[in-house]
Amino acid sequence: MAERPLILVCNDDGVRAPGIEALAAAMADLGDVVVVAPDREMSAMSHSISLHRPLRVEELRRNWYAVDGTPVDCAYLGLLHLAPRKPALVVSGVNAGYNLGTDVFYSGTVAAAVEGALRKIPAIAVSRERGYGDDYGPAAGLARALGAAVLQHGLPPGILLNVNVPSAKGPAGYRWTCLGERLYHDKVDVRSDPRGRKYFWIGGPEVGFGDVPGSDCLAVRDGVCSVTPLELDFTHQPLLAEVPGWRLDGFEHVR
Ligand code: MN
């Protein structure tokens with residue numbers, strides 16, 4: 001009998017978050033699950049990696065590990081050390097709160113999945129609308145269905161799926177989407193601490209979605225689950241083709 005696929009499950013909300021419990025339970029239908037997650041909330045850590053300090057790992061129960069590090073530290077340790085064999089799939093989440101549009105640059109949930117994709121392992125990041133209690137069943141169910149499809153069809157190297165699930169009741173529809181535009185109120189709040197020294201809070205509230213046709217933002221606005229294929233190659237080919245026409249004073253253009 002063929003070996004069951006090994007599935008690495010990570011997140012950025014921490015190893016005790018309800019979203020990762022639901023996700024690990026759902027993925028156990030598809031293969032052997034190893035969970036490696038931060039020992040506390042590590043949201044918005046992006047692709048931060050701890051290269052200059054020791055990392056401690058605690059095995060909470062069999063194949064469940066807590067790491068005092070970032071989501072990417074967890075994915076790295078999971079992929080390269082803690083998993084008993086090479087994972088066939090990395091799944092990250094289920095995050096409490098959407099990761100839409102440019103959120104993917106800040107998200108620890110997405111970054112843990114990216115760590116898999118960087119190693120040419122298929123990966124899925126899953127996020128759910130914030131609020132609505134602790135029911136992560138629908139999001140975990142979509143992750144399981146997509147995971148089964150990805151294990152069957154594969155993904156091109158360096159590609160991952162970013163999934164967002166609205167909490168609206170109704171039929172479980174989904175849509176393939178592009179990244180949209182999630183709008184925040186940019187804000188730097190200047191305050192004073194009890195010693196009279198200034199400190200800053202950055203980041204304001206969400207103020208809505210830009211009207212990008214076919215986007216992840218509009219899918220969840222319509223109450224439909226969103227699945228966006230993401231590419232790690234940031235190269236912009238049209239500009240690359242155009243810029244040889246530029247002249248840079250003092251520098252020779254070498255082909
Ligand atoms: Mn999070």
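# Values set against definitions

Me: Why is Arg119 called partly exposed?

Reply: Arg119 has a relative accessible area of 30%, and since buried means under 20% and exposed over 50%, with partly exposed in between (1.4 Å probe, protein chains only), the value of Arg119 falls in the middle class. This is a predicted model, in which local features need pLDDT of at least 70 and side-chain atom pairs count only at pLDDT 80 or more, whereas totals for chains, interfaces and linings use all residues. Residues are numbered from 1 along each chain as its sequence is written, and side-chain values use heavy atoms, with hydrogens and water left out.

Me: What makes the contact of Arg119 and Glu115 a salt bridge?

Reply: The term requires a side-chain nitrogen of Lys or Arg within 4 Å of a carboxyl oxygen of Asp or Glu; the N to O distance for Arg119 and Glu115 is 2.4 Å, so the pair qualifies. Glu115, at 4% relative accessibility, counts as buried, while Arg119 is partly exposed. The whole structure holds 13 salt bridges, and those that share partners join Glu3, Arg4, Asp32 and Arg85 into one network.

Me: How do you know that Asp103 and Arg182 link distant parts of the chain?

Reply: The closest N and O atoms of Asp103 and Arg182 are 2.5 Å apart, which makes the pair a salt bridge by the 4 Å limit. Asp103 sits in the loop between E5 and helix H3 (108–118), and Arg182 belongs to strand E9 (residues 182–184), 79 residues apart; helices (H or I, at least four residues) and strands (E, at least two) are DSSP runs, numbered from the N terminus. Asp103 has a relative accessible area of 7% and Arg182 one of 12%, so both are buried.

Me: Which residues are the protein donors of the manganese ion, and what makes them donors?

Reply: Asp12 (OD), Asp13 (OD), Ser43 (OG) and Asn95 (OD1) lie 2.1 to 2.2 Å from the manganese ion. Donors are N, O and S atoms within 2.8 Å of the metal (3.2 Å for Na, K and Ca), so these atoms meet the limit, although water is not among the atoms and sites may look incomplete. In sequence the donor residues are spaced D-D-x29-S-x51-N. Asp13 lies in the loop between strand E1 (6–10) and helix H1 (18–27) and Asn95 in strand E5 (residues 89–96), so this pair ties together parts that are 82 residues apart in sequence. Both are buried, Asp13 at 15% relative accessibility and Asn95 at 7%.

Me: Why is Ile7 called buried, and which residues does Ile7 touch?

Reply: Ile7, in strand E1, has 0% relative accessibility and therefore counts as buried. Contact means heavy atoms within 4.5 Å; not counting residues up to four places away in sequence, Ile7 touches several residues, among them Met27, Leu30, Leu89 and Val91.

Me: What makes a set of residues the nonpolar core, and where does Ile7 belong?

Reply: A nonpolar core is a set of buried Ala, Val, Leu, Ile, Met, Phe, Trp, Tyr and Cys residues joined through side-chain atoms within 4.5 Å. The largest such core has 29 residues, and Ile7 is one of those with the most contacts inside it, as are Val9 and Ile124. Its largest share, five residues, comes from helix H4 (residues 137–153). A second, separate core of 25 residues includes Val67, Ala75, Ala83 and Val90.

Me: Which residues make the nonpolar surface patch?

Reply: Ile49, Leu51, Tyr76 and Leu80 make a patch of about 390 Å², with accessible areas from the Shrake-Rupley method with a 1.4 Å probe, where for residues only the protein chains shown count as cover. Patches are made of residues with over 30% relative accessible area and no salt bridge, like charges being joined within 9 Å and nonpolar side chains (Val, Leu, Ile, Met, Phe, Trp, Tyr) within 5 Å. Ile49, at 36% relative accessibility, is partly exposed and so passes the 30% limit.
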